[in-house]
Amino acid sequence: MLDTKSILDVLRPVQDPELQKSLVDLNMIRNVAVDGGKVSFTLVLTTPACPLREFIVQDCQKAVKQLPGVETVEVAVTAETPQQKALPNQQSVFGTKNIIAISSGKGGVGKSTVAVNVAVSLAQLGAKVGLLDADIYGPNVPTMLGLENVDIKVDKGQQGDILEPAFNYGVKMVSMGFLIDPDQPVMWRGPMLNGIIRQFLYQVNWGSLDYLVVDMPPGTGDAQLTLAQAVPMAGAVIVTTPQTVSLLDARRGLKMFQQLGVNVLGIVENMSYFIPPDLPDRTYDLFGSGGGEKTSKELNVPLLGCIPLEIALREGGDSGVPIVMSSPESASAKALKAIAQQIAAKVSVAALT
Ligand SMILES: Nc1ncnc2c1ncn2[C@@H]1O[C@H](COP(=O)(O)OP(=O)(O)OP(=O)(O)O)[C@@H](O)[C@H]1O
């Protein structure tokens, strides 16, 4: 007989491919209903950006259709992102489930480009997303998000000033660029960093967020230390280019996060190959190839993806319309979206294991 129990029994062997556990045991199958031959249930994923969504739905449908008498299987998909737990000396950001640092050993490798496009991709996929631009030396996130000339509002709260984040493309954002005078010499900025990062974590009206993406300053310095000590980090992503120097710097960054006890989610190789706009079928390895893959194998961390060098990606940054918005079908937008999904999946696995 078709009933809730028989449906759950047949779904029990279906596993979440990342967590390698039964969907039923993980409480990811809910609201099972049977109406004659019509079966329906809700699949609750661990991230709205799940890269394997279709695959899991198909697995579920296949399993239920084995039962005699089943005519149709309707699967409603939702998500509940798990929350990263704080260590005893850390203070979580109220309402924020996961903090992800986007870092690089060296400047100019495309760290902000990755941070912005990953944040917008996650929002496009239905996640609640914040972006904290902590890059004190080159805070270019406001330009890339089309928020260059916004005035941020400050609310006088009982516990001090609370900043209202700027907002575009589904992403809430604050930037060092809002607080520092662009003409101020860079050497005066370092000592302010710790205080501003804390202010950006705890005195911004972030609301509820699945992911707070942090665009870190390049290198291995104070910002990384402040963040790792203050808040529970879901993980760090290291952006690099295929050049040898850049990869060496990436290795250093990776070791630093590992020493700070921060889970390194993986490496992103940017500017992997060049796609000429007039010859989109041709690609050129301008900086050599395979470096990211080699480093990921050597250091035993995943390669989350490779992004081509594309003129439209730079133009998207300059014009304030990220490429995942303006040209979602371009090679770099597809790579960035897939990277965002990989990051989200790895964050959920880390929180649940
Ligand atoms: N794959 C790419 N294709 C084309 N242009 C790119 C690509 N990645 C980054 N760029 C461009 O390179 C420049 C530097 O990128 P970005 O600002 O993201 O680097 P960064 O590592 O954050 O630098 P900084 O250290 O100054 O913060 C930008 O103009 C950006 O648009």
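α3 is built from 14 residues, and its first and last C-alpha atoms are 20 Å apart, close to the 20 Å expected at 1.5 Å a residue. Before I go on, please keep in mind that this is a predicted model.

So what surrounds α3? After α3 comes G126, which has a positive phi, near 105 degrees.

Now to the ligand. α3 (111-124) is one of the elements that each supply at least two residues of the shell around it, and the others are β14 (264-274), β15 (303-309) and α10 (311-319). Which residues come nearest to the ligand? Of the 21 residues around it, the answer is G107, G110, S112, T113 and G138. If you sort the shell by residue type, you get six nonpolar, 11 polar and four charged residues.

In soluble globular proteins, nonpolar side chains tend to be buried together. Here, the largest nonpolar core has 95 residues, and those with the most contacts inside it are I100, I102, V118, A119, L122, V213 and V214. Which helix gives the most to this core? That is α12, residues 331-352, with nine residues. The core also draws at least three residues from each of domain 1 (4-79) and domain 2 (96-352).

Setting aside residues up to four places away in sequence, V213 touches I100, I102, A115, V118, A119, V129 and L131.

The domain assignment of the protein gives domain 1 as 4-79 and domain 2 as 96-352. Their C-alpha centres lie 34 Å apart.

N27 is not a glycine, yet its phi is positive, about 60 degrees. You will find N27 in the loop between β2 (21-22) and β3 (29-35). Is N27 buried or exposed? With 10 other C-beta atoms within 10 Å, N27 is exposed.

N300 also has a positive phi of about 60 degrees, and again this residue is not a glycine. Its loop runs between α9 (291-299) and β15. N300 has 8 C-beta neighbours inside 10 Å, so it counts as exposed.

My last stop is a lysine. K172 sits in strand β11, residues 171-175. Why does K172 count as buried? Because it has 22 other C-beta atoms within 10 Å, and a residue is called buried once there are 20 or more. Leaving aside neighbours within four places in sequence, K172 is in contact with G130, P165, F167 and W206. K172 and N205 are 33 residues apart along the chain, and their C-alpha atoms are separated by 9.4 Å.

How values were computed. Residues are numbered from 1 along each chain as its sequence is written. This is a predicted model: local features need pLDDT of at least 70, side-chain atom pairs count only at pLDDT 80 or more; totals for chains, interfaces and linings use all residues. A residue is near a molecule or strand if its C-beta atom, placed from the backbone, lies within 6 Å of it. Helices (H or I, at least four residues) and strands (E, at least two) are DSSP runs, numbered from the N terminus. Ala, Val, Leu, Ile, Met, Phe, Trp, Tyr, Cys and Pro count as nonpolar, Asp, Glu, Lys and Arg as charged, and the others, Gly among them, as polar. The expected span of a helix is 1.5 Å times one less than its number of residues. A nonpolar core is a set of buried Ala, Val, Leu, Ile, Met, Phe, Trp, Tyr and Cys residues joined through C-beta atoms within 7 Å. A residue is buried if 20 or more other C-beta atoms lie within 10 Å of its own, exposed if 12 or fewer, and partly exposed in between; C-beta atoms are placed from the backbone. Domain bounds come from an automatic or database domain assignment. Two residues are in contact if their C-beta atoms, placed from the backbone, lie within 7 Å.
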